[in-house]
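Please read it alongside the sequence and the coordinates.

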Amino acid sequence: MIKFSNVSLIYPNSTTTVLEDLNLEIAEGEMVLVIGPTGSGKSSLLRLINGLVPHHTGGILAGDVSVDGHSTQLVKPGGMAHLIGIVGQNPANGFVADTVEEELAFGMETLNLPHDVMRKRVEEVLDLLSLAPLRDRSIATLSGGEQQRVAIGSALVAHPKVLVLDEPTSALDPIAAEEVLSILHRLVHDLSLTVVIAEHKLERVIQFADRIVHINGVGVAQVGTPEEILMHSPIAPPIVHLARALGLKEIGVSVREMRRMTSEIRDKEYVHSDLISSPLGAPIIKMSDLSLAYDGKPALKSVSATISSNEIVAIMGRNGAGKSSLLKSLAGISQLAKGSVNVAGFNPQDLKGKERRSTIGFIPQEPSDLLYGQSVQIECDQADKDNQIPSGTTAQILNQLVPGISGSTHPRDLSEGQRLGLALSIVLSSNPAVLVLDEPTRGLDYQAKKELTKILIEFARATSKCVVLATHDVELVAELATRVMFLADGDIVADGTTLDVLLSSPAFAPQVSKVMAPQPWLKISDVVAAIQAHQ
Amino acid sequence: MKKLSLHPLTWWIWAIGLAIAVIRFDSTMFTLGCVGAVAVVVFTNRENAPWGKSFNWTLKLSAWILLVRTIIGVLIGVPIPGTTLFTLPILPLPSWMPGIRIGGTVTAERLTSALTEGVLICAIIVIFGAAASLTSPHRLLRVLPVYIYEFGISVVIATSVLPQLVSSVTRIRQAQRLRGQSLRGFASWRRVAIPLLEESLARSLDLAAAMDSRGYGVSKKRSRYRPIKWRAADSAVVFSA
C-alpha cells in the first residue's frame, strides 16, 4: 500500500539528514507504529506519506514515496485526499468548520461528492465513532478526546485507504486514549484500513501494532515486529523494561502475555513491609472550600485540601475534570468564586515580582509561553538578573537538566523536552517553595521523562518544598508521585497515597501493577526490591 | 431562544452598507448613532467564541486611535480661526515647510474638526470589527467560491488567526505574570509578541496543511453538504443598513 524506496530527507539550513536511505513497504491492513526520540523525524516520516513533506514544508527528498501506486513526487497532497486521511499532532489547529457535522462534511465537499453520498457517509462515521450525540455541537466546546475522534472521523469520511496519525493520544486521559485506539484497531480489522501512528506513550499502543519503525535520530531506521525491535531498543514501554529487569528470555508486549510469563514470580509469598509513611512535613498549601466557575459553568466545587512539604501530588482525572483550574487557582491567576488559597503564608493572587517567583514556580501546558528571549543564553541571563543571583547560575541548572544545549540556539528550535528543561531551569533558578506543572509530559519521550522524574524528586526532597502536577500519564505518576488526587467534575473523588489510588481503578493502573496484580507493586524497582527481599 | 442563523456574508454586506452611509452623511451625530447601534447588535448577537470576543479589542483599539489622532490633529496642522481655547508654544520649523505649524493657538474649531475626522475613522474600524466578530471565519470561507482558493485560504487564516491571537495573548500574559514579570510598559508587550508570533505562525501552517491534505481547492467544483441559503432575514439585515 505504502512504499518508501531509498528515501532520504534533509531540511534546508540543517546539517543532519532526517532519514537516510529508508526502504519500507507497508501492506494493506497493517498497523505500523513509528517510534523514536523527540525531534528524530517521526512527524516528517508521517508527512512524507501524503507529500506534505516536502510540498508543504520544503526540504530535499531523494528516492520515492508512493501510496497505492501514486508517487508523491507527481501528486500534491490535495490530490491524495481521497486516498490518505491525516490527523495532525494538534487536531484543534486543523479544524475548518464550526460544528461536528460540518467538519465531517468538509473533506467530502472539497472532493465534490454528490449530496446523497455525503449524507450517508456522515451518518456512517457518526455511528462508527459514536459521535452521533455530538453532531450539532460546536467543535470548540468539545473535550480533547472528542476532538480527536472528530478529527479521525473527518479523515475517514473520504473513505481513505490509509490513515496517518501523529501522536493521537498524547493529550488524552487513559480512558479516552483507550477509546480512540480501540476504534483504530477495529477499523484495521473490519475495513482493512492501513494505519500509521507515531506515539511516545508506547504502553498505550504497543499491543495493537503489527510492526514498528524505529528512527534513531541520525537518519537510520529499523523496521521489524514489536518483539524484535523492543528486545534491544532503549525506547520501550514499562512492561518490556520489567521483562528485562526480571531477566526473562522473551518479552511480551501486552499485559496478557506478560502475566503468563510471570505467574511463577507473582504467586510466591512476599513479606509486605508495611509502607513506612514518612511523617508529613509542615503544610505549605492550604485550600479551603475552593469554588470556581467559567461563564456560570462550575469548574471546581468547594475543593478543600492541604499539601505538606516534601509531597509530590499528582492531580489526575478526565479531560475537563478541573485539573487546570485547580492549578491556576493555586498559582493565583484565576478569580475565585468562593473559598481561599494559602501558599506558604501568602494569598497567591497578591503575589508580584520577586516574591511571586520565590513562592510559586509554574510551568504552563505550553512551556514556550514563558520564553521570549532570542536565544537560550539571553533567557538564562534574564533569569539571573531577575533573581539577583550570580550570572551563569541558570545556565548551570540547565546544563544539569538537559546537557548540551548551545547558548546561541533559539528557544523555538529546541525539542519539546529541551524547551521544558529551559522553562524549568528558569523557574528553578528563583528557588520557589512550590513547583506547579500542568501536563509536563506531553510530547516527551521516555528519556526526557526519566530526567524530569529525577529532577522533581530531588526538588521535593529539600526542606519545605512541594510539587503539584496535573497529568494523564499513569506511568509517570507511578514513578514520581507520593500522593494522588483524583478529580471528577470539579470534585475531589479520591485522595490518598499513589499506591491506594492507582490500584483501586484498573483504568488508571500502571502496566507493572496490571501485570503483577494482586501484588501491590507500582514500578519496576518495587518488583525488584520485593524479589530481592524474598531471596 | 435559538439564535438567528444568518448567512455569513450578511454581516459583511451590512457593514459595507453602514460604512458607506457613515461616509456619505459625514455627520458626527449620525456616526456616533451608528457606532452605538453596532455595539448593541454585537453585544446581543455575538456567539460565545474566540472571534466573538474580538470586538472588545476593536473598541479599545479605536479608542486609542481616536485619542492619538485628536492629539496629533490639534498639535499639527493648518490653523483654523475661531474661539481660542488655549495657546501652546509654537515649535519653529524651517522656512521650506510653510503652512504647517506645530503648536500654536488651539481653537475650538480645530479641536472639533480633529475629533470629527477621528470619530469617522474609528466608526469604520468599529463597524468592520463588528462584522468580523459576528461572523465565524470558518463559515465565511465555506461560502467563498473555489476559484478564489488562494485568496480564500489566506482570508481564512487571517480572520481565524486574529481572534485566536486575542485568546493567546491572555494566556501568554498570564504565564508571564507567573514568571513574576510586570505587565506594564512597552517591554511587557515585546515579551508577549514573540511567543505569540511563533504560536500563530505554527497554527496557520497547521491549518493550511490540514486544508491542503483534505483536498481543498483540488477540484474546481465543490458540492454542498448543507447549502447555506440566503434567507429573508439576511435581506432584512442588509436592508436595515
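## An open sheet in chain A

In chain A, four strands form an open sheet in the order 2-1-4-5, with antiparallel pairing. Helices (H or I, at least four residues) and strands (E, at least two) are DSSP runs, numbered from the N terminus. Two strands pair if DSSP finds at least two bridges between them. At the edges are strand 2 (19-26) and strand 5 (70-71) of chain A, each of which pairs on one side only. Strand 1 (residues 2-10) of chain A runs antiparallel to strand 4 (residues 60-67) of chain A, and seven bridges join them. A:Phe4 has A:Val65 in strand 4 of chain A as its bridge partner.

Helix 1 (residues 42-49) of chain A packs on this sheet and touches strand 1, strand 2 and strand 4 of chain A. The direction of helix 1 of chain A makes about 130° with that of strand 1 of chain A. Axes here are lines fitted to C-alpha atoms, for helices over the stretch in contact, and angles run from 0 to 180 degrees between N-to-C directions.

## Basis of the model

This is a predicted model: local features need pLDDT of at least 70, side-chain atom pairs count only at pLDDT 80 or more, and totals for chains, interfaces and linings use all residues. Residues are numbered from 1 along each chain as its sequence is written, while chains are lettered from A and ligands numbered from 1 in the order in which they are written.

## Other strands of chain A

A second open sheet has three strands in the order 12-11-14 (chain A), again with antiparallel pairing. Its edge strands are strand 12 (297-308) and strand 14 of chain A. Neighbouring strands of this sheet are turned by 15° against each other on average, direction ignored. Strand 11 (residues 283-294) of chain A pairs with strand 12 of chain A over eight bridges in the antiparallel sense, and A:Leu292 stands opposite A:Leu300 in strand 12 of chain A.

Strand 18 (residues 483-488) of chain A is mostly covered, with five of its six residues buried. A residue is buried if 20 or more other C-beta atoms lie within 10 Å of its own, exposed if 12 or fewer, and partly exposed in between, with C-beta atoms placed from the backbone. Strand 18 of chain A runs parallel to strand 13 (residues 312-316) of chain A, joined by four bridges; A:Val313 stands opposite A:Arg483 there. Strand 18 of chain A also pairs with strand 19 (residues 491-497) of chain A, in the antiparallel sense over six bridges. A:Phe486 stands opposite A:Ala494 in strand 19 of chain A. The hairpin of strand 18 and strand 19 of chain A has two residues between the strands, and A:Asp489 takes a positive phi near 55° in this hairpin.

## An exposed lysine

A:Lys352 lies in the loop between strand 14 (338-343) and helix 12 (353-359) of chain A. A:Lys352 counts as exposed because it has 12 C-beta neighbours inside 10 Å. From C-alpha to C-alpha, A:Lys352 and A:Leu181 are 45 Å apart in space, and they are 171 residues apart in sequence.

## Helix packing in chain A

Helix 14 (residues 393-401) and helix 15 (residues 416-429) of chain A pack at an angle of about 135°, with their axes 9 Å apart. Helix 14 of chain A is therefore oblique to helix 15 of chain A. Angles under 35 degrees count as roughly parallel, over 145 as roughly antiparallel, 65 to 115 as roughly perpendicular and the rest as oblique.

Chain B has eight helices and three strands, in the order α-α-α-β-β-β-α-α-α-α-α from the N terminus on. Buried residues make up 30% of its 241 residues.

In chain B, 37 residues are in contact with 44 residues of chain A, where contact requires C-beta atoms, placed from the backbone, to lie within 7 Å. Helix 5 (137-143), helix 6 (149-178) and helix 7 (185-213) of chain B are the elements that give two or more residues to the side of chain B that touches chain A. Helix 7 of chain B gives the most, with 12 residues.

Conventions:
Contact = placed C-beta atoms within 7 Å.
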